[in-house]
Amino acid sequence: MGDYGDPEIHGYNIPQNEFIMKCSYQSRNCSSSEIQKVRDEYYGTCYKFTPASNPTNLAGPAYGLELLLDVHQNDYIPFVTATAGVRLAIHSSQYKAQLKSEGISVSTKFETNIAMRQERFIRYAGSEELCDSNNTYSSVLPCMERCTGLAVREDCQCLSSYDFLSLAVSTMCKTTSEIECMAATEALSGSELNCKCKMPCRQTSFKKNIFMTQYPAENYAVVLNSVMETNDSRESISDSLSYVKIFFSSLVEDVIQEDLAYTDENFVSDIGGQLGLWAGFSVLSLAELLELIVILFHACCSRKKAEVNAAYDEKE
C-alpha cells in the first residue's frame with residue numbers, strides 16, 4: 001500500500017459523506033474544517049476530528065462527540081478482513097494516532113459509549129535524563145517504530161512503512177530478499193539497534209470505560225430508513241452502522257508526579273540530626289568521664305584518710 005499515493009488510497013475508500021452519516025459535538029453539528037482526512041499505514045484513509053471550539057466544561061454524553069458511521073459492509077472484499085467495524089483512537093492532537101497499538105475496535109450493530117477520564121504523568125528526568133524532556137513522542141512505541149524503520153532503511157535500502165517516505169530512500173520493501181532483510185531487522189531488540197527511546201517527561205493519556213448497547217432499536221429502524229433514504233430491514237441496516245459516543249465521565253484530572261525520594265534538604269537534615277546525636281553522646285560521655293574522675297579522686301582520698309586514721313590508732 002506504500003507504493004500508492006494519497007489520492008489513489010483515498011479513492012479506494014468510502015467517501016466521507018457516505019461514511020460519516022452524523023457528527024455532532026456538544027449538541028451542534030460538526031463543521032467540515034473540524035474533520036481532516038489523514039492516511040494510516042495499516043488502515044488506509046482515516047478521519048481526524050479536532051474541535052474548533054474550546055474543550056467542554058461539562059461531563060456526560062450530551063457534551064461529547066457523537067458519530068453515526070456506515071461501514072458499507074456489502075462492499076467488503078472477500079478474504080481481506082474477517083471483521084466489520086471501525087478502528088478508533090483517542091489521543092492528544094500534538095501526536096499522531098497510534099491506531100494499530102492503541103486503537104479501539106468499534107463493532108457494528110451496537111451503540112458504543114466511551115467514557116473518558118484524563119490522566120497526566122509528570123516524570124522526573126534527573127541528571128541522567130531518564131525521560132525525554134522534549135516530549136518528542138507520545139510513548140516509547142512510536143520512537144521504537146521509527147528507530148526500527150531507520151535500521152531497515154540502512155540495512156535493507158528500502159522502507160518498511162509509508163510513514164518513512166520522507167527519508168532518503170523512497171522505495172518500499174517488496175522483493176523476497178528485502179522482506180527477509182526487513183523481518184530480520186525488525187526482530188532485533190532495541191538495545192541491538194541502539195535505540196535510545198525514553199518515556200516522555202510529560203504525558204497525557206485517557207483512561208476509558210466502554211459500554212455497549214444494541215443499535216438500532218426495533219422501532220428506530222424506520223427513522224434510519226428515512227435518513228438514509230432506503231427501505232431495508234433492521235438487520236440489514238444494523239450490519240453496517242456503528243453509533244459512537246465519546247465523552248468525559250469526569251472533569252477531574254488525575255495527576256501522577258514523580259519526585260526525588262531523597263533530596264539535598266533531606267541530606268542536610270540527616271547530617272544535622274546525626275551531628276546532634278553524636279554531639280549529645282559526646283557531652284554525655286564527657287560528663288560521665290568527669291563523674292568517674294571525681295569518684296576515683298574521692299575514693300582515693302577516702303582511702304588515704306582511712307589509712308592515716310588506722311596508723312594513728314595503732315600508735316595510741
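Student: Why is Cys195 called buried in this predicted model?

Tutor: The relative accessible area of Cys195 is 16%, and buried means under 20%, so Cys195 falls on the buried side of that cut-off.

Student: What makes Cys195 and Cys147 a disulfide?

Tutor: Their sulfur atoms are 1.9 Å apart, and a disulfide requires cysteine sulfur atoms within 2.5 Å, so the pair of Cys147 and Cys195 qualifies. The pair links distant parts of the chain, since Cys147 sits in helix α4 while Cys195 sits in the loop between α5 and β9, 48 residues apart. With -90 degrees about the S-S bond, this link is left-handed.

Student: What makes the link between Cys143 and Cys197 a disulfide, and why is it called left-handed?

Tutor: The sulfur atoms of Cys143 and Cys197 lie 2.1 Å apart, and the criterion is within 2.5 Å, so a disulfide is assigned to Cys143 and Cys197. The torsion about their S-S bond is about -85 degrees, and the disulfide is therefore left-handed. This pair also links distant parts of the chain, with Cys143 in helix α4 (residues 140-156) and Cys197 in the loop between α5 (176-186) and β9 (202-214), 54 residues apart. Cys143 itself is buried, because its relative accessible area is 11% and the limit is under 20%.

Student: How do you know that Cys156 and Cys181 tie together separate parts of the sequence?

Tutor: Cys156 lies in helix α4 and Cys181 in helix α5, so the pair ties together parts that are 25 residues apart in sequence. Their sulfur atoms are 1.9 Å apart, and the torsion about the S-S bond is about -85 degrees, so this disulfide is left-handed.

Student: What makes one side of α5 its buried side?

Tutor: The buried residues of α5 are Glu178, Met182 and Thr185. They cover an arc of only 65 degrees around the axis, which puts them on the same side of α5. An α-helix has 3.6 residues a turn, so residues three or four places apart point the same way. The cover over the buried residues of α5 includes α4, whereas the face turned away from the buried side carries the exposed residues Thr176, Ser177 and Glu180.

Student: How many helices and strands does the chain have, and what share of its residues count as buried?

Tutor: The chain has eight helices and 11 strands, and of its 316 residues, 31% count as buried. Among contacts with a separation of 6 or more, 71% come from residues 24 or more positions apart.

Terms used. Residues are numbered from 1 along each chain as its sequence is written. This is a predicted model: local features need pLDDT of at least 70, side-chain atom pairs count only at pLDDT 80 or more; totals for chains, interfaces and linings use all residues. Side-chain values use heavy atoms; hydrogens and water are left out. Helices (H or I, at least four residues) and strands (E, at least two) are DSSP runs, numbered from the N terminus. Buried means under 20% relative accessible area, exposed over 50%, partly exposed in between (1.4 Å probe, protein chains only). Contact means heavy atoms within 4.5 Å. The arc is that of the directions from the helix axis to the C-beta atoms.
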